[in-house]
Amino acid sequence: MIPFTAFYCDDAQTSQWLDHECLLALIRFGERTPAATDPRVNRIALPELGGTATAEVWLGARPVQTGIVDGVRYADGGEILFLQLTMDEEAPAALSPLTATAYRRLFAAARARDYRYFLRIWNYFPDINREYDGLERYRAFCVGRHSAFLAELADLETRLPAASAVGARGPGLRLCALAGREAGIQIENPRQVSAFRYPRRYGPQSPSFSRAVLRSWGERDFQLYISGTASVVGHASQHPEPMTQLDETLANLEAVLDQARQRARVPLELALLRVYSRLDLDPAPLRQRIARTFGAHVPLLFLHADICRRELLVEIEGLAVGAAL
């Protein structure tokens, strides 16, 4: 049985979900969204394109237990664990050790609930492309993340979670994660070099994430957690314009879905997509182009955000689900 379903709703309707005993996560967006102490509620300081206000709801299959371990807030759905942690930055140049500390705390909090495998991690921090002491902050973040993974994962390269790293408007390093009691299957994209194998031109330590993670929840049910995906072929960024970048991004998403379908051997369909745009664009043309590829039925959320490479203008992440017919 799939442990949770995810869907979008109007932000004004979020109060009805807070009383639901199976609420695993409620993710709100926007720079003015108030902070929350409820471990199930997560605030991402990114404005939505188009002037709408949308929230993302993860509804579990079982009643959820909540708590805090060493500052890490969690919601435990019995088979899957949602965690979140925010840490203040003492100095912009100290992001690497801060990231390593934050990841070690995530691992410890998950182990305390008997969850050993991270399936998906979201990373948000400001000024992602700014340089301090000659090193871009995203690249400094990658150094810290890899350091923590190296200490925690014996089989590092084959157990990398799906991930996104996005430049947010709010201060501090914010991590959100999904963990399971059993490992998922790492999915790579044949159109791209594994991010773990990027050459050193992209920084002193290559990014540590998989293109997606496929998790089986029994013989019939699957979830595919899709990493932030952009206009990259091999390891190089492609195209200068947002719409041509979008087309390349959609081709990469199709390739990842195809690889996952071969492993699952069941139909996998997109449940939702988050679209990050570096430019403050009208989302309508983006929506139309995505609908031509995946259909108009796929729920979409468009957010204004900086992306891990300066030249990249669009990034898409998402969730797909599947079941045997």
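User: Leaving aside neighbours within four places in sequence, which residues is Phe-118 in contact with?

Analyst: Keep in mind that this is a predicted model. Setting those sequence neighbours aside, Phe-118 is in contact with Leu-83, Leu-106, Phe-107, Ala-110, Pro-161, Ala-177, Leu-178 and Ala-179.

User: Which residues touch the most other members of the largest nonpolar core?

Analyst: Phe-118 is one of them.

User: What does the second core include?

Analyst: Phe-29, Leu-46, Val-64 and Leu-319 are among its 32 residues. This core is separate.

User: Now helix packing. How do the axes of α4 and α5 cross?

Analyst: Read distance and angle together. Helix α4 spans residues 242–264, and helix α5 spans 283–294. Their axes come within 11 Å and cross at roughly 30°. Angles under 35 degrees count as roughly parallel, so α4 is roughly parallel to α5. The crossing is right-handed.

User: Which residues make the contact?

Analyst: From α4: Met-243, Leu-246, Asp-247, Leu-250, Leu-253, Glu-254 and Leu-257. From α5: Pro-285, Leu-286, Arg-289, Ile-290, Thr-293 and Phe-294.

User: How many of these are nonpolar, polar and charged?

Analyst: The contact of α4 with α5 has 9 nonpolar residues, 1 polar and 3 charged.

Definitions and conventions: Residues are numbered from 1 along each chain as its sequence is written. This is a predicted model: local features need pLDDT of at least 70, side-chain atom pairs count only at pLDDT 80 or more; totals for chains, interfaces and linings use all residues. Side-chain values use heavy atoms; hydrogens and water are left out. A nonpolar core is a set of buried Ala, Val, Leu, Ile, Met, Phe, Trp, Tyr and Cys residues joined through side-chain atoms within 4.5 Å. Buried means under 20% relative accessible area, exposed over 50%, partly exposed in between (1.4 Å probe, protein chains only). Contact means heavy atoms within 4.5 Å. Axes are lines fitted to C-alpha atoms, for helices over the stretch in contact, and angles run from 0 to 180 degrees between N-to-C directions. Helices (H or I, at least four residues) and strands (E, at least two) are DSSP runs, numbered from the N terminus. Angles under 35 degrees count as roughly parallel, over 145 as roughly antiparallel, 65 to 115 as roughly perpendicular and the rest as oblique. A crossing is left-handed if the near helix is turned anticlockwise from the far one by less than a right angle, and right-handed if clockwise. Ala, Val, Leu, Ile, Met, Phe, Trp, Tyr, Cys and Pro count as nonpolar, Asp, Glu, Lys and Arg as charged, and the others, Gly among them, as polar.
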